[in-house]
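Please look at the structure first, then read the points below.

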Amino acid sequence: MNKENINLDNFDCFQKEEIRKGLENNLDVSVYAKPELPYNMMYQLRRGLEDGYDLSPYITYNVGILHQMRKAMKSGISLIPYINEGYDSDQLEAIRCALEKNIDITPYLNVSYHGACINEIAIGLKHHIDVSPYAKTCYTWRKMKEIRLGIEQRLDISKYMNPLYSYWQMHEIRLGLLNGLDVNDYKSLMYTAKEMRNRRLQLKRKQ
């Protein structure tokens, strides 16, 4: 399709720009030159064509998912199984990044994880640690991070693995362990993170 075959009056300025760029690169813009497609969807389809992939069969997905599909295809990775399981674009990004680094994230995936949680699991696997203590749906990504850091630092993570802790409470207990303090003095859930911090600093001054 060339410019003469397109009624540009049907498109807004952003859509026209995507068509123009496609024509300049000798792409088959008929794949995406459709007024009903928003410009950001047209952008993903155009970039896909530039990489040699026709993403038009997947336009029922949202733009975020299409974006991750495009990047995955460029890396030789298929995200279709994860899309079919219901993972959103943020989750797919974390999965894609892990797979691109040859990290076998699949056994630890759960569709209820946020993308940041998947990323924390991937970091642990990359560092060759046992992620099973924190690869659990009861933890937010920040809590996962505190447990992961504790494992990497060879600390007694059992002291702060209670999911009822806030991530900031976990952080204060981990720092205490890292400083060789007796965290039993302040690890009770009755203390706020701020109170834990004050007690930790008091113990540190007495060292």
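The crossing of α7 and α8 is left-handed. This is a predicted model, and the points below are grouped by topic.

**The α7 and α8 pair**
- The axes of α7 and α8 (residues 167-178) come within 8 Å and cross at roughly 15°.
- Angles under 35 degrees count as roughly parallel, and α7 and α8 are therefore roughly parallel to each other.
- On the α7 side, the contact is made by R142, K143, E146, I147, L149 and G150, which meet Y167, M170, H171 and R174 of α8.
- By type, the residues of this contact between α7 and α8 are four nonpolar, two polar and four charged.

**Helix α6**
- Helix α6 runs over residues 115-126, twelve residues in total, and spans 16 Å from its first C-alpha to its last, close to the 16 Å expected at 1.5 Å a residue.
- Buried residues in α6 are G115, C117, I118, E120, I121, A122, G124 and L125.
- The cover over the buried residues of α6 includes α5 (89-100) and α7 (141-152).
- After α6 comes H128, which has a positive phi near 60°.

**Residue D54**
- D54 sits in the loop between α2 (39-50) and α3 (63-74).
- With a relative accessible area of 40%, D54 is partly exposed.
- Apart from neighbours within four places in sequence, D54 is in contact with V31 and L49.
- R70 is 16 residues from D54 in sequence, and their C-alpha atoms are 9.3 Å apart in space.

How values were computed:
Residues numbered from 1 in each chain as written. Predicted model: local features only at pLDDT ≥ 70, side-chain atom pairs only at ≥ 80, totals over all residues. Heavy atoms only, no water. Helix = DSSP H or I, 4+ residues; strand = E, 2+ residues; numbered from the N terminus. Expected span 1.5 Å × (residues − 1). Buried < 20%, exposed > 50% of the residue type's maximum accessible area, 1.4 Å probe, protein only. Contact = heavy atoms within 4.5 Å. Axes fitted to C-alpha atoms, helices over the stretch in contact; angles between N-to-C directions. Parallel < 35°, antiparallel > 145°, perpendicular 65-115°, else oblique. Left-handed = near helix turned anticlockwise from the far one by under 90°. Nonpolar A, V, L, I, M, F, W, Y, C, P; charged D, E, K, R; others polar.
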